[in-house]
Amino acid sequence: MVTVAEMPAGFADKVLSAQSTFRSVMDAMARPGSVQRIHAVPGTPAPMMRGTAAIALTLFDHDTPVWLDKAMSATADVGKWLKFHTSAPVIADSAASAFALVGNPHDIPPLDRLALGSNEYPDRSTTLIMQVDSLHAGPAWELIGPGIDGAAVLQATVPANLFDRLAINAVLFPRGIDVVLVHDDAVVAIPRTTRLAAHGA
Amino acid sequence: MYVAVKGGERAIENAHRLLAHERRGDRDVPEISLSQISEQLSLGVDRVMTEGSLYDRELAALAIKQARGDLIEAIFLVRAFRATLPRFGATEPVDTGAMQVRRRISSTFKDIPGGQVLGPTFDYTHRLLDPQLAGAGSPEAPATAEPLASMPRVTDILGRDGLIEPSPETDADAPVGDLTREPLSFPADRDLRLQNLARADEGFLLALGYSTQRGYGRSHPFAGEIRFGDVEVEFYAEDAGFAVPLGAMAMSECQMVNQFKGSATEAPCFTRGYGLAFGQSERKTMSMALVDRSLRARELEEEIKAPAQDEEFVMSHSDNVQATGFVEHLKLPHYVDFQSELGLLRKLRAEFFEAASEPLKEAAE
Amino acid sequence: MNATAYNFAYLDEQTKRMIRRAILKAIAIPGYQVPFASREMPMPYGWGTGGVQVTAAILGPGDVLKVIDQGSDDTTNAISIRKFFARTAGVATTTSTGEATVIQTRHRIPEAPLHSGQVLVYQVPIPEPLRFLEPRETETRRMHALGEYGLMHVKLYEDIARFGHIATSYAYPVKVNARYVMDPSPTPKFDNPKMDDCPALQLFGAGREKRIYAIPPHTRVVSLDFEDHPFTRYRFDAPCALCGADDSYLDEIVTDDRGSRMFVCSDTDYCEGRQAAGHRGTESAAPHKESAHG
């Protein structure tokens with residue numbers, strides 16, 4: 001058990017750390033497949049990585065219900081830390097979540113159990129934040145779409161079927177799921193417009 | 001030789017200096033104080049607090065002084081300040097039934113429990129300019145009477161017999177809508193509509209309310225009750241576990257009683273329109289109540305055919321800070337777009353005259 | 001009654017979080033207008049409050065900010081907004097398009113090509129491209145949901161029937177990533193092609209209308225047109241009288257009351273840069289520069 005006194009810290013400088021973290025995430029979202037670094041160093045409750053923690057401190061608050069996967073909710077630490085530092089409600093219903101935190105990328109829920117938005121309000125959708133083992137080694141994926149000049153190659157240890165599952169984004173657009181991959185201080189975004197290049201990689 | 005215009009920064013600074021100078025006016029005339037504004041231009045202060053959405057007489061007075069008496073500008077100043085304030089939560093709903101009444105009238109009954117209380121009103125003043133007010137003077141002390149213990153609301157009296165629809169039940173657990181914190185989408189529920197109307201420009205609501213009386217979405221209103229006085233404000237403190245009194249606010253409330261609803265399964269009853277504002281803002285609350293009732297057209301299954309019934313039209317255009325900003329933004333330079341229009345217009349005119357000068361040739365395009 | 005202790009870049013952190021979340025969704029859904037709870041800013045609605053809120057949400061101490069209105073760094077509103085951020089965020093400001101990391105603009109896209117390290121923030125008065133055809137938000141939202149843009153094509157076609165041309169010369173609608181029809185803000189249609197495949201991120205903020213939208217870098221942006229009436233740019237056919245440029249959008253300056261006119265670059269930084277590099281037009285004279293830009 002963790003008491004408030006033992007709780008891992010938030011940002012030392014809330015304002016500027018949130019700003020720089022946001023810019024990294026914004027650049028990642030604007031340039032899918034590119035690896036962006038997060039410079040802020042918050043405390044982290046296990047098994048949260050520092051990139052994930054920084055994103056949470058930057059984007060979460062009482063207006064953003066958060067869903068945790070089994071790995072993230074294995075102990076109460078992550079939930080308590082989120083509640084203490086961000087006031088974000090941790091909810092059981094993934095379909096109502098603004099953010100879903102996934103600690104085990106091999107155990108993500110079916111994407112249609114997340115909020116996909118509506119055709120009128122496609123922005124009312126879950127952003128899936130997934131921790132992975134590497135964002136520089138592993139299989140290579142060739143990505144195309146808005147934000148990418150030609151094609152981008154992402155080397156990452158993501159589940160082999162991730163992009164198959166994300167094909168739902170092409171079918172449902174403008175509804176869809178936006179994914180942010182995190183490893184340590186590195187982030188890569190795969191917004192709903194990103195596709196695997198047709199010939200594979 | 002042409003020299004491009006520069007020096008805007010100095011021009012802005014000089015304009016601000018000149019504005020401050022004009023605001024002060026003739027320096028031989030004593031400067032107006034905030035307490036003078038608050039005490040002697042009190043209805044202007046009430047309006048700025050209401051539409052500025054911030055109950056603070058001193059700030060409203062400051063805003064009026066800074067805005068040189070331009071109330072919309074003053075409302076804007078208060079709103080911009082309000083947007084920077086931290087918020088601790090929402091108060092408990094105020095109980096206007098328990099209001100310390102300074103004025104209270106009903107047009108629906110000759111007499112009512114608690115009586116008709118005229119209070120401070122222009123209503124029966126003859127609108128003759130009073131030359132005595134041009135100088136200093138001390139008016140007579142007001143007449144006093146024993147305060148009446150109980151002043152039940154007229155709508156509650158009607159409600160006891162089921163003659164008026166009950167106030168809609170509110171779900172205590174449902175979050176209170178706040179259009180300053182969430183983007184508005186349509187259709188909007190009544191909580192958001194009332195918030196929008198409470199912040200709305202008095203003149204806009206006055207005109208809309210008036211239009212309903214003249215047949216544009218008529219709802220056959222009676223002024224069930226208008227009351228003005230002081231209400232207690234309480235805040236539920238989670239730590240303490242009970243509601244803590246924060247103080248009292250002067251407020252005006254208008255409850256309109258409107259023509260019936262009813263169906264084969266539901267007995268006919270009067271319907272409600274509601275208005276609430278800070279301070280003594282009677283015209284505002286009456287207009288608000290008329291428009292609130294009109295905007296309930298969808299819920300009451302009335303045909304929507306008049307502007308005052310159209311929530312998207314009303315809510316999108318009621319805010320005078322938004323409206324004045326966009327109307328006045330036409331002052332900003334638009335010469336880039338104008339140039340583009342000029343180019344197109346010249347081209348269209350050249351083609352027109354070319355076609356006109358060749359009457360034998362059919363207009364090709 | 002103390003109102004002086006404002007946060008970095010003015011907005012409070014809760015507001016910034018809300019705007020930042022909207023920006024991320026806007027980037028993920030190019031051309032879609034994300035509703036956001038626009039705040040009351042200390043400047044009037046219609047004067048750039050949307051752009052200012054977007055800029056305030058992204059700006060950091062390391063940024064270099066440029067603000068233009070009508071292409072010029074020296075129009076009063078551009079000066080006013082630049083001073084606002086210099087004061088509330090302490091950021092460096094510049095008039096140089098190349099040096100800026102964040103450029104807030106009203107009505108123009110700079111002439112110099114933008115690069116990947118930049119964000120262009122547009123001030124938007126009416127974000128809904130269908131608004132003048134259909135005033136109801138409920139209706140236009142449905143049209144976007146269905147990708148049903150026939151009304152827009154009918155309007156453009158009626159122009160052709162009436163005038164022989166598409167009679168829209170600014171705020172000319174575009175289609176983003178082959179899905180959303182989007183208002184580019186009231187830029188002259190001359191600027192439309194610059195939005196296509198642009199290396200910089202483009203963000204659009206509409207404060208009064210409470211919408212944020214975006215075009216990610218390298219995104220397809222196509223101006224609406226017809227096969228037999230293709231989109232064309234408009235530019236007055238003359239070189240700039242100051243720098244001789246024949247590729248820039250020009251302001252028409254009325255020089256007397258007898259019909260004399262001259263044409264000069266609307267993008268003042270572009271024009272001054274060319275003059276500094278030795279380019280000359282018929283009326284050349286280096287415009288006298290104000291000593292400091294705040």
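Reader: Why does Q131(A) count as buried?

Author: Buried means under 20% relative accessible area, exposed over 50%, and partly exposed in between, with a 1.4 Å probe and protein chains only. The relative accessibility of Q131(A) is 4%, and therefore the residue counts as buried. This is a predicted model, in which local features need pLDDT of at least 70 and side-chain atom pairs count only at pLDDT 80 or more, while totals for chains, interfaces and linings use all residues. Residues are numbered from 1 along each chain as its sequence is written, chains are lettered from A and ligands numbered from 1 in the order in which they are written, and side-chain values use heavy atoms, without hydrogens and water.

Reader: What makes the link between the side chains of Q131(A) and T52(A) a polar contact?

Author: A polar contact is a pair of N or O atoms within 3.5 Å; within protein, one must be able to donate a hydrogen and the other to accept it, and residues adjacent in sequence count only if both atoms are side-chain atoms. The two side chains are joined at 2.7 Å, so the pair lies within that limit.

Reader: In which strand is Q131(A) found, and in what sense does β4(A) pair with β7(A)?

Author: Q131(A) belongs to strand β4, residues 127-131 of chain A; strands (E, at least two residues) are DSSP runs, numbered from the N terminus. Two strands pair if DSSP finds at least two bridges between them. β4(A) and β7(A) have five bridges, in the parallel sense, and therefore pair.

Technical notes: Helix = DSSP H or I, 4+ residues; strand = E, 2+ residues; numbered from the N terminus.
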